[in-house]
Amino acid sequence: MILDQLILPWLLAWLVAGLGAYLVAVLDRLMATGSAQAKSVWLAPLASAAWLMTQQATTTEAPDAPAWRLAPALYLALAATGLALVPWSPTLVGVDLSTSLVLWGSLEALATVVIFLHGWSANSHLALIGAYRYVALGLSYLLISMFVLIGVALPAESLRLTEVVAAQASLWHVVSQPLGLPLFLVVGLGLTFWGPLDLADSEDLSGGTAVERSGPPRLVWALARAAMLVAFSAIAATAFLGGWMGPWLPGPAWLLIKSLAVLVALLWLGRRLPRLAPERCVTLMWVLLLPLSFVDLIWAGAVALWMA
């Protein structure tokens, strides 16, 4: 009983976080190079990780050492906690809270704190600029996510993710709420500062919050970013694509397939869309996407009332 209800889901969360992060590196490299050669695609992430493990971890002058060391581990822990919220089947859930969606929103907010802490604690001007860039946009991500997730909670009349999945038995939310998933994907790119929304660790800042990182800490930070992308994909598949539901295959298999589909979409968008300038990104979020999230919430409420 304890193994099935607690230990197994948490082990599954950490396993998916680790293997998913490796898969992110493989898929991202494949999309970048267009080459499917086994050596260049499948072994390169492992070679890069092994190289970073052998490098010395550099430091800056007078950093906030405890915070600087903890930030990558905390970001990785947030990703694992997000995966623990995901219901793999009606009974296989790591943390089946009545307020699962609220906890996920809290993780998004804490991610903003951790990312800022990562840049601020280095005591480096480029890292600090990257941290402030993320904070300047973080509130818009959180608001968009909040309205979109309230939209998926309305038909279920619950904030529990298992109930959100059950509410999609007849129709997935990606169909009944067509604006929800695209808006949520934008939140995912922002939360992981990936692709067009990579303003925290961007090249114009020579790496941003991670500019002073090297060796194992840099590897943990990269692993945490990839694991958060995986966790977000699993939450998106749960909230909009029916989670574990599907014919023939067991529930966990369906969730993995749907999560992989969302992950591929995020990586593809990250490679195909140009990186936005910070001021244009602020305008896009507050002037266009945030009002669209209001529209999505109103639409979701109207659909919920009609189907009641």
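D198 touches F193, R225 and R275, leaving aside residues up to four places away in sequence; a contact here means heavy atoms within 4.5 Å. Before going on, a word on what you are looking at: this is a predicted model, in which local features need pLDDT of at least 70 and side-chain atom pairs count only at pLDDT 80 or more, while totals for chains, interfaces and linings use all residues. Residues are numbered from 1 along each chain as its sequence is written, and side-chain values use heavy atoms, with hydrogens and water left out.

Back to our starting point. D198 sits in the loop between α8 (180–191) and α9 (215–240); helices are DSSP runs (H or I, at least four residues), numbered from the N terminus. With a relative accessibility of 14%, D198 counts as buried. That word stands for under 20% relative accessible area, with exposed meaning over 50% and partly exposed in between (1.4 Å probe, protein chains only). If you look from D198 towards W10, 188 residues away along the chain, the two C-alpha atoms are separated by 30 Å.

R225, one of the residues that D198 touches, also forms a salt bridge with D201 (4.0 Å, N to O). R225 belongs to helix α9 and D201 to the loop between α8 and α9, so this pair ties together parts 24 residues apart in sequence. Both R225 and D201 are buried. A salt bridge is counted when a side-chain nitrogen of Lys or Arg is within 4 Å of a carboxyl oxygen of Asp or Glu.

The structure holds five salt bridges. In one of them, the side chains of R271 and D28 meet at 2.9 Å, N to O. Because R271 lies in helix α10 and D28 in helix α1 (residues 2–33), the pair ties together parts that are 243 residues apart in sequence. R271 is partly exposed at 42% relative accessibility, whereas D28 is buried at 15%. D96 and R160 form a salt bridge as well (3.4 Å, N to O). This pair links distant parts of the chain, 64 residues apart: D96 is in the loop between α3 (65–85) and α4, and R160 is in the loop between α5 and α6.

Now let us turn to helices α4 and α5. The axes of α4 (residues 100–120) and α5 come within 8 Å and cross at roughly 175°. That makes α4 roughly antiparallel to α5, a label for angles over 145 degrees. The axes are lines fitted to C-alpha atoms, for helices over the stretch in contact, and angles run from 0 to 180 degrees between N-to-C directions. Among the residues of α4 that take part are L101, W104 and W120, and those of α5 include A127, Y132 and A153.

Helix α5 (residues 125–156) also holds L139, which is partly exposed at 48% relative accessibility. Together with V282, W286 and V287, L139 makes a nonpolar surface patch of about 350 Å². Helix α11 (residues 278–307) gives the largest share of that patch, three residues.

Two loop residues complete the tour. E157, in the loop between α5 and α6, has a positive phi of about 55° although it is not a glycine. W248, in the loop between α9 and α10 (251–272), has a positive phi near 70°. E157 is exposed at 72% relative accessibility, and W248 is exposed at 85%.

How values were computed:
Patch = residues over 30% accessible without salt bridge, like charges linked within 9 Å, V, L, I, M, F, W, Y side chains within 5 Å. Areas by Shrake-Rupley, 256 points an atom, 1.4 Å probe, with all protein chains shown as cover. Parallel < 35°, antiparallel > 145°, perpendicular 65-115°, else oblique.
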